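Here are some exercises to work through with the structure open beside you. Try each task on your own before you read its solution.

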Amino acid sequence: MRRAITGVLTAALLLAGIVAVRRATPDADAKYAPIASVGEMGEQVNTAAFQLRVDRVQLARSVRLEDAYGLLGQPKSTAGVWVVVWATVAATTEEVTVQGARLRTADGAEYLASSVSGTLDKTALAPGMPSYGPILFEVPPGRLAGAALEVTVHSVKSLDHLGPAAAVDLRLSGPYTKALIEQAPASLTVGPVRDL
Amino acid sequence: MTFAALAGFCRIRSLAVTTPVPDPGPTESRRGPLRPWIALTAVVFALATVLALSWPAGGLQEAKPEIPHRRLGETSAGHRFAVKPYKVAYVTKDPAPGLGDPKDGRFLAIELEVENVSDQTATVDDLSAVTYLKISPGSVVLDRFKDKTAGFVIRDAGFDRTQLQPGLVERVKFVYTVPAGTPDPTSLTAAFRDEDYGPWFTSELSDWLPGGTLAIYDLEVSR
């Protein structure tokens, strides 16, 4: 009987070990995820393809984009809230466009930057010439607290495997986010991308 | 049988009966009755093997229910989208011209309330790719790619918004041309296919993969 108990315990232990190893092993998505350089707001984040600095974050209920000639576009509303991330980006060695700008919320959801044209994530960046401009996101207000910005060079995730990425904590704490949402203007004019 | 043969047979049986059974050697003693721990371990191993093989194959999952038939205004939620068709109209003027003046023709416009219930940004094209349409009379299947002339989020009186962000409910409009030679549609059968996010046998990397049919809508076409 003792041997039977020993056998069962050994089998259970081995099974638990297999499950533990299996769970601890990163899946293919994690293995091939972009290689991210992590930073804070106001800090320069260096990657192999670009350098990024997030300067500020604004919220609004609707936005109007202003082009380089000062012309205003039509107001754009949203079912959630507009998050306007102002950032400076420069390509390092060759021309890039940071098309893979995403806002990752605390619950793990990823919000790809709005398809609205004229924003920083739609601008081709020449090497060594920094550009400053907005990146727009539409997010449900209730999911905004704790969100972080993640930037890659492709909007299609499968093209970014093991590619360069920047991750920036936007310091959107719960109370601060709540205050930002309450004070969000009904309309915000968003200026164009500027070369620095 | 002769007497000599019978006598020989009896002698052999007598020998067989009286021959002593040899003592089992050390090898044969191991083939004795099955020990409990071996039996128990074998049963546990067999059960674990069955579970390990059947679990990934979905063998212990609940059988899928039948495909529900729904009507206008009813919601169907899948793994990527929750859809609620609320208007189907047959029109003879292009309801969503891309550039320039609206074109004449025969169009079917479908309006839905859509929520992206996944955790990734999607587009209306992702939804139209899993939407299958059949108009009646004539039971004509619309090509979900070739016959679609427009697909957009109804917002700000424009046709250029196509993104569906997680957790945001949007009103979406699809416009299809009614193929030439078919009668004017009076009813529409719309089926929505679900999608699952995960790895497939061709790749360990996750992607949106075809799932089962989410629901079938039997809809009247208004004019």
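## Exercise 1: Strand partners in chain A

Strand E5 (residues 100-104) of chain A pairs with E6(A) in the antiparallel sense, over three bridges. Keep in mind that this is a predicted model.

**Task.** Which residue of E6(A) is the bridge partner of Arg102(A)? Then place both strands in their sheet.

**Solution.** 
- Step 1: Find Arg102(A) and look across to E6(A), where its bridge partner is Leu112(A).
- Step 2: Now widen the view to the open sheet of five strands, whose order is E1-E9-E8-E5-E6 in chain A, with mixed pairing.
- Step 3: Look at the edges, where strand E1 (35-40) and E6 of chain A stand. Each has a single partner strand, so one side of each is left without a neighbour in the sheet.
- Step 4: Follow the strands across the sheet; from one to the next, the twist averages 25°.

## Exercise 2: Buried or exposed?

**Task.** Is Leu103(A) buried or exposed? Is Gly108(A) buried or exposed?

**Solution.** 
- Step 1: Locate the two residues. Leu103(A) is in strand E5 of chain A, while Gly108(A) is in the loop between E5 and E6 of chain A.
- Step 2: Recall the cut-offs: 20 or more other C-beta atoms within 10 Å make a residue buried, and 12 or fewer make it exposed.
- Step 3: Leu103(A) has 26 other C-beta atoms within 10 Å, so this residue is buried.
- Step 4: Gly108(A) has 9 C-beta neighbours inside 10 Å, and therefore counts as exposed.
- Step 5: See what Leu103(A) touches. Leaving out residues up to four places away in sequence, its contacts are Val83(A), Tyr111(A), Phe137(A), Val139(A), Ala147(A) and Leu149(A).
- Step 6: From C-alpha to C-alpha, Gly108(A) and Arg143(A) are 9.9 Å apart in space, and they are 35 residues apart in sequence.

## Exercise 3: The largest nonpolar core

**Task.** Which residues touch the most other members of the largest nonpolar core? Which element gives the largest share of this core?

**Solution.** 
- Step 1: Start with a general idea: in soluble globular proteins, nonpolar side chains tend to be buried together.
- Step 2: The largest nonpolar core has 42 residues, and Leu52(A) and Val83(A) touch the most other members.
- Step 3: Two or more residues each come from E3, E4, E5, E6, E7, strand E8 (148-152) and strand E9 (164-169) of chain A. The largest share, eight residues, comes from E3(A).
- Step 4: List what Val83(A) touches, not counting residues up to four places away in sequence: Val57(A), Leu59(A), Leu103(A), Phe137(A), Val139(A) and Leu144(A).
- Step 5: Apart from this core lies another, of 30 residues, among them Phe81(B), Leu142(B), Phe174(B) and Val175(B).

## Exercise 4: Where the chains meet

**Task.** Which element gives the most residues to the side of chain A that touches chain B?

**Solution.** 
- Step 1: Count the contacts: 28 residues of chain A meet 24 residues of chain B.
- Step 2: Name the elements of chain A that give two or more residues to this side: helix H1 (2-24), helix H2 (28-31), E4, strand E6 (110-112) and E7.
- Step 3: H1(A) gives the most, with six residues.
- Step 4: Sort the residues on this side of chain A: 14 are nonpolar, eight polar and six charged.

## Exercise 5: A helix in chain B

**Task.** How many of the 19 residues of H3(B) are buried?

**Solution.** 
- Step 1: Find helix H3 (residues 36-54) of chain B, which reaches 27 Å from its first C-alpha to its last.
- Step 2: The count of buried residues in H3(B) is zero, and the helix is hardly covered.

How values were computed. Residues numbered from 1 in each chain as written. Chains lettered and ligands numbered in written order. Predicted model: local features only at pLDDT ≥ 70, side-chain atom pairs only at ≥ 80, totals over all residues. Contact = placed C-beta atoms within 7 Å. Helix = DSSP H or I, 4+ residues; strand = E, 2+ residues; numbered from the N terminus. Nonpolar A, V, L, I, M, F, W, Y, C, P; charged D, E, K, R; others polar. Expected span 1.5 Å × (residues − 1). Pairing = 2+ DSSP bridges. Axes fitted to C-alpha atoms, helices over the stretch in contact; angles between N-to-C directions. Core = buried A, V, L, I, M, F, W, Y, C linked by C-beta atoms within 7 Å.
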